[in-house]
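The exercises below ask for a careful reading of one model, and each is followed by a solution that goes step by step. Please keep the sequence and the coordinates open while working.

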Amino acid sequence: MAEEEYDYTKIPSVGSVEGVAAGAPEDNPRIGVYVCHCGINIKMTVDVDEVMRHAASLPNVVVARHYIFLCSDPGQDLIRKDIAAGTVNRVIVASCSPRMHEPTFRKTCADSGLNPFYYEMANIREQCSWPHGDFQKEATEKAKELVSSAVARSTLLEPIEEVEVEVTPEVLVIGGGVTGMYAALDIANGGYKVHLVEHTPSIGGHVAQLDRFFPTLERATSLLTPRMIEVGAHPNINLMAYSEVEEISGYIGNYDVKVKRKPRYIDSAKCKDCTPCIEACPVKDIPDEFNECMSTRSAIYIPFPFAVPPAYTIDTEHCLLLKEGKCGDATLETIKEGKAVPPCMAACPGAIDFEQKEEIEELALGTIIVATGYDLVDPRVTPEYKYGEYPNVITSLEFERLTSPSGPTGGKLELNGKVPKDIVFISCVGSRNKQVGNEYCSRVCCMYIAKQAAQAKEQLPDTNVTVTFQDVRAFGKGFEEFYGDVKMGGVLYTRGLPSEIYKKPGSDRVVIRAENTLLGDPYEREADIVVLGMGLKPNKGVEPIINMLKLSKSVDGFLMEAHPKLRPVDTATDGIFIAGCCASPKDITDSIAQGKATASGSLLYLVQLKAKIEPAISQIDAEICIGCGTCAEGCPYGALELDELMHVMVVNEAVCKGCGGCNAVCPSGAATMKHYRDRQVYAQIDALTEIGLHIEMVTAGADTEVAATEPEAAEAAEAEPVAAEE
C-alpha cells in the first residue's frame, strides 16, 4: 500500500502532548520542547505534529507543544505559563535561526524567572524545511534528529549569569573627515565628551577638497565649513588635530588610549594669522597636498583657507632647521643662545617656537569610533593610461581642484595655462578590475564623473565632453535623474573603456584608443585633458589602528563589520564601531548616516553607564592549567594573560568574545567554554550519530535513574503511546 502523502493543511494550529518525564522531581532537568510552524514556512515541509510527538518521547522532556507562531505574544505565553507553573526548567524552541529569534526567547525565559542560558534552539527552518522543500519525509526525520540533539545538550546546560561593567562616559572618534565630524557632533550634542583625533593639521578630510556635491551641485564649502567650525568650537569636543593614536588597551566601557600630539612649532595663541613668516621662509617649492600637488606651498603653511583649527604648521619634513639642523646662519643651539635666528623667527619673533615637543595625552574612554576614510587608488596601476608620463592625463581629484575657487587656478578650468577644447573622462580606473586586484565597485565614481562632466560643460559650453564607461550605476536618490540631465546637457556617453592613450605626434594633445562596445566599432579620439575616474581603496594609514583594536578586514581590505545587513557599524568587539569609507566605498550621504549611527550606538552605552558582557566565554580550570601560554598566543582578542603568582592563565571576561580558540589549542584541556562545554557538544554529536545519550532519563511516575539511551531504546520509547492534550 502506498505511503500516505503528508498534508500540512490537516495539522491544527496548536497541539501538545505530555512527555515521558512528566512526573520527574522539580530539581531534575524538566525540558519543554516547543515546535513552531513559522506560518507555513516549516509546517508545509516538516510534520510538526510528528516532531512534537518524537520530542515527547525523549529523556527528560515533560511537555511538547507545537504552535503556528511561537515568536508571537500568544506563542511566548505558552512558554511563560509552563515556566510559571513549574512545569519546565529547560526550554527548547524548534523554529528558525538563532540569529533571528534566540534573543527573543532568551528574554522570554528571563522575564519568567528562568536563567536565559537554560534555553536552547533547534533550527528546523533554515536547516530542514527551506533546503529540503521537496522531501517532506526526510526533512521531518532531520528535524527530529536536530530536536534530539537539542534535548541531549539541554539536559547538560548550566546557569550563567550576565556580567555588567561600568562605562566611562567619553568617546574617542578616530578620523576628522565628514563621517567622524558628524559622529562627534551627535555625541557632543547629547551632552557627552568626545575626543576627535585627526592625523592631518585640519579636519575636513577629502570632502574639503571637493568643489560641489552631486546631484544638487551645491558648493561643498557652504555645507562643510559650518560643520567644521561647529566642531572646532563645541565645548564637548576635544579637537586633537595633527595627532595620532599611539596605544589602545582595555575593554568596553574602560578603554585606555594614548594620543600623540605632534608639535606645530607655532604657538597658536600668539599667532595673528598674518603671513610675514611664510614670506620669509626660504623653502617655497613644496608640492601642496591639498591641491593634489598642482601648486606649491612653503614649509610654514595652513592646509587650506577654511581649515579648522585655523592654525599654521611648520612642515618637519621640509623645514631646513628641523630637517638639516640649520637654516641660514641659525641652528637650534644659536636660537637657544640668542645669537642667530632663522628668517621666520626674525619675521615673527613671538609665535615661532622650535622648542615644542611631542606630547602624549592619556584618555579614559567608554567607546571608540573608527572613521579613518579612504585613499584613492594609485592611477599608475593602469599604465596604459600614461598617468605621470603625459601631463594632460589627470585624476578626478586633480580635476576637482581645478574647478574649485580655492584651487590652483582659482576655479578656472585650464591646464598649463590652456583652455581645453576636448575633455575625456574614463570611469572605473582601479575599480571592478581583477588585474589590479580591486574587483569591487567604488560606488561614487559614476556620479562624480557625471558631476564633473556637467561642471566642465557649464563652464566651457563649446568644449566637447565625453565620458567612457563600462556601466553607469546611478543608485541613489535623484541620481538617475541627474545622470539623465547631464546627458541632455550635451555630455556624450560612450560605452567601452579605452585600451590605451598615446601622444599625438607633433602636438601636446593625446589620443584615446577605444571601442564602442554597443556598436562594436573601434575608434580614436583626441583630447586636451583626460580625467581618470579613480576608485577608492582602504586608507593605508589605518593598519596600526587595526592591530591595536584587533579589527578584521574583508577580502577587499576594508574593515569588516559584525554583520553587513543587521549590524553594519558594529564590530566583533563590543564598544568599537566603524563608519564611512573605512568599511566600504560610499558617498557622503551614506557616510554621514553611518557616522550618526555609530553616535547612536555609543550613546546607548553612555546613557546607561553600564555595558553587558557576553557571558558565554572562556573559563580556565586552575587545577589543571600549566601556565604554558599557548591559549594566549592563539587568542585574537588578547583576553588571556598569565597570573605570575599562581602560574595559571586568567581570562579577562570583559575582553573575551567566546570564540573558542583557546579551547581548541589548550594542551592540558584547562580552557573550556561556558555554555559550550565539551560534554554538551559531545552529547549533541552522540544524539545525531545515534551512539547514545549518556544523560539522566526520568520517566513519568518513576524515581530518577541514570540510563544510556541506545538506538534500540530510543525507538522503543518513541513507539510508546503518548497521551494527547487538547
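Contact means heavy atoms within 4.5 Å. The model is predicted, with local features requiring pLDDT of at least 70 and side-chain atom pairs counting only at pLDDT 80 or more, while totals for chains, interfaces and linings use all residues. Residues are numbered from 1 along each chain as its sequence is written, and side-chain values use heavy atoms, with hydrogens and water left out.

**Exercise 1.** Determine which residues serine 112 is in contact with, leaving aside its neighbours within four places in sequence.

*Solution.* Begin with the location: serine 112 sits in the loop between helix 3 (98-111) and strand 5 (119-123), where helices (H or I, at least four residues) and strands (E, at least two) are DSSP runs numbered from the N terminus. Once the neighbours within four places are set aside, the contacts of serine 112 are Arg80 and Ile83. Next, take the accessibility: serine 112 counts as partly exposed because its relative accessibility is 23%, given that buried means under 20% relative accessible area, exposed over 50% and partly exposed in between (1.4 Å probe, protein chains only).

**Exercise 2.** Describe how helix 1 and helix 5 cross, and classify the residues that make the contact.

*Solution.* Two packed helices are described by the angle between their axes and the distance between the axes. For helix 1 (residues 48-56) and helix 5 (residues 136-155), the axes come within 9 Å and cross at roughly 30°; here axes are lines fitted to C-alpha atoms, for helices over the stretch in contact, and angles run from 0 to 180 degrees between N-to-C directions. The crossing is right-handed, a term used if the near helix is turned clockwise from the far one by less than a right angle, whereas anticlockwise gives left-handed. Helix 1 contributes Glu50, Val51, His54 and Ala55 to the contact, and helix 5 contributes Thr140, Glu141, Ala143, Lys144, Val147 and Ser148. Sorted by class, these are four nonpolar, three polar and three charged residues, where Ala, Val, Leu, Ile, Met, Phe, Trp, Tyr, Cys and Pro count as nonpolar, Asp, Glu, Lys and Arg as charged, and the others, Gly among them, as polar.

**Exercise 3.** Repeat the analysis for helix 13 and helix 14.

*Solution.* The axes of helix 13 and helix 14 (residues 479-488) come within 10 Å, crossing at roughly 35°, and the crossing is left-handed. Met447, Ala450, Lys451 and Ala454 of helix 13 meet Phe479, Phe482 and Val486 of helix 14, a set with six nonpolar residues, no polar ones and one charged.
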